[in-house]
Amino acid sequence: MATTAAAAAATRRSVFLGVDVGTGSARAGLFDEEGKLLGSASSPIQIWKEGDCVEQSSTDIWHAICAAVKAACSLANISGEDVSGIGFAATCSLVAVDADGSPVTVSWSGDSRRNIIVWMDHRAIKQAEKINSSNSPVLQYCGGAVSPEMEPPKLLWVKENLQESWSLVFRWMDLSDWLSYRATGDDTRSLCTTVCKWTYLGHAHMQQSEKDSRDMEACGWDDDFWEEIGLADLVDGHHAKIGRSVAFPGHPLGTGLTPVAAKELGLIAGTPVGTSLIDAHAGGVGVIESVPESDTEDKENDKEAICHRMVLVCGTSTCHMAVARSKLFIPGVWGPFWSAMVPEYWLTEGGQSATGALLDHVIENHVASPLLANRAASQSVSVFELLNKMLESLKHDLNTPFLAALTENIHVLPEFHGNRSPLADPLAKGVICGLTLDSSEKQLALLYLATVQSLAYGTRHIVEHCNAHGHKIDTLLACGGLAKNPLFLQQHADVIGCPIILPRESESVLLGAAILGAVAAKKYSSLGEAMKALNSAGLVIHPSNDPRIKKYHDAKYRIFRELYEQQLAQRSIMADALA
């Protein structure tokens, strides 16, 4: 009987489950052994926004995940027995739980459900400034300064403002680590989350290989740093509250799914679960090897080829991921992070704090927005598709030489939520230059185009800055919601002058999470091997070869850079006036 069951298991197809918790929803996707999506589903999650404070509930998120996993399995006609491995990805939000695993509030409201400080929360700007004034050596590994979006400033904020909560918390976890802990009962943290968001020095493990996959004692914490910033209590108990052990992404956790979690998810107890990734980094894993097949290269060139690529994970915000074989210190850009995405490579992580969120903001706050939304709904297209069509018509009607030239008199600085990279200025503000009394749909279309272009100029600034400090980026790969917008992609290709490769599967973050499950299930010997097997290239967007377009964007890029310099000068003038 057992032999028959083993034989059946051996012949059964392998299906890998990826779970991704974004800002607004939890999603689940099932993939086969070729990396093809078999089915996916999503479930909304609750969010509370009050000023700079943005909060969520881990209980609500887990319920949403369970609903999404069951719906995806039903849609794909996959049973729990078919799922060979599971991986989780999530935003880099901060979760607080007590000794029983119950939520502890991080909210002024005192609402115990609200136990997550969401990644985009900017309540801890003053705490970030205080930490950066310490000039701790760990800061050189996050671009010279922590962001208020990282965890140490948020932890310091809670200690300073919510003392009762601070004393109750037994575990502080990044959301993706909490998900794998909730699924397995294993408290091991990911090198991705700890290194990128907690100042953990992953290169303390450089002598350990991904192939010796095991829980590693967390020897990369800098105790002096925590003591210096006023969080010495987090060092207690071998860092019990923030992570005693770490592992490479994809490392199998515990004994797989616990019986309780398996029942809630509709899966089988013991199913392998891989160590998690932050959602953007899962997008990187799901796309960075999605390059058109070329002649077989020798292994050394192959190891180097990945270093010429940058992945844009474009959603509410955009993350810019590039890897290198040696550590590159780049002012204002996060990293170098050892093994935080691709094991045994150094990760550089640039970013824009508001991209999809900015386009939504610009469109929804325009007086013509309701009319536009109604028209889009009546035509069964998205607002973006309608705006893109309107721009093509405007180009034709105005006899403009090329579409980008429609914005010659509108210039945008997109720092509506501060600048993450490469200026690392959370106080930066957005600018729109060239407004008139026109409030028509056509004017909104032009403002939308100028905003898209400004995001492309921001990415160009990041790429140029990284290359000036040792990177060799010449190819972009894009995934996420904005990568489904052809105007967004073409403007980026033209502005940066690089081809942009899209993956065959558009759900790259889900695929990246599923790859963690495939590695945990021992279907592949390493994350790199799994990426090569399951990544696949799709459409390639090439930059225009029209020299007029390059000249135009070079001119607008110069204005883009000047807008920030002018803002700094204005900030200084006003500071003097108020001194």
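Reader: Which helices do the buried residues of helix 14 pack against?

Author: The buried residues of helix 14 pack against helix 13 (356–364), helix 15 (383–397) and helix 16 (441–468). Contact means heavy atoms within 4.5 Å. Helices are DSSP runs of H or I, at least four residues, and strands are runs of E, at least two; both are numbered from the N terminus. The model is predicted: local features need pLDDT of at least 70, side-chain atom pairs count only at pLDDT 80 or more, and totals for chains, interfaces and linings use all residues. Residues are numbered from 1 along each chain as its sequence is written, and side-chain values use heavy atoms, without hydrogens and water.

Reader: Which residues of helix 14 are buried?

Author: S369, L372 and A376, within residues 369–378. Buried means under 20% relative accessible area, exposed over 50%, partly exposed in between (1.4 Å probe, protein chains only).

Reader: Why do they line one face?

Author: An α-helix has 3.6 residues a turn, so residues three or four places apart point the same way. Down the axis of helix 14, the buried residues fall within an arc of 65°, so they line one face. The arc is that of the directions from the helix axis to the C-beta atoms.

Reader: What does the face turned away carry?

Author: Exposed residues: P370, L371, N374, A377 and S378. Just after helix 14, S380 takes a positive phi of about 55°.

Reader: Where does pLDDT stay under 50?

Author: Over residues 1–11, with 0 contacts beyond four places in sequence. pLDDT is the predictor's confidence in each residue, from 0 to 100. Where it is low, the predicted coordinates should not be read in detail. The protein averages 94.
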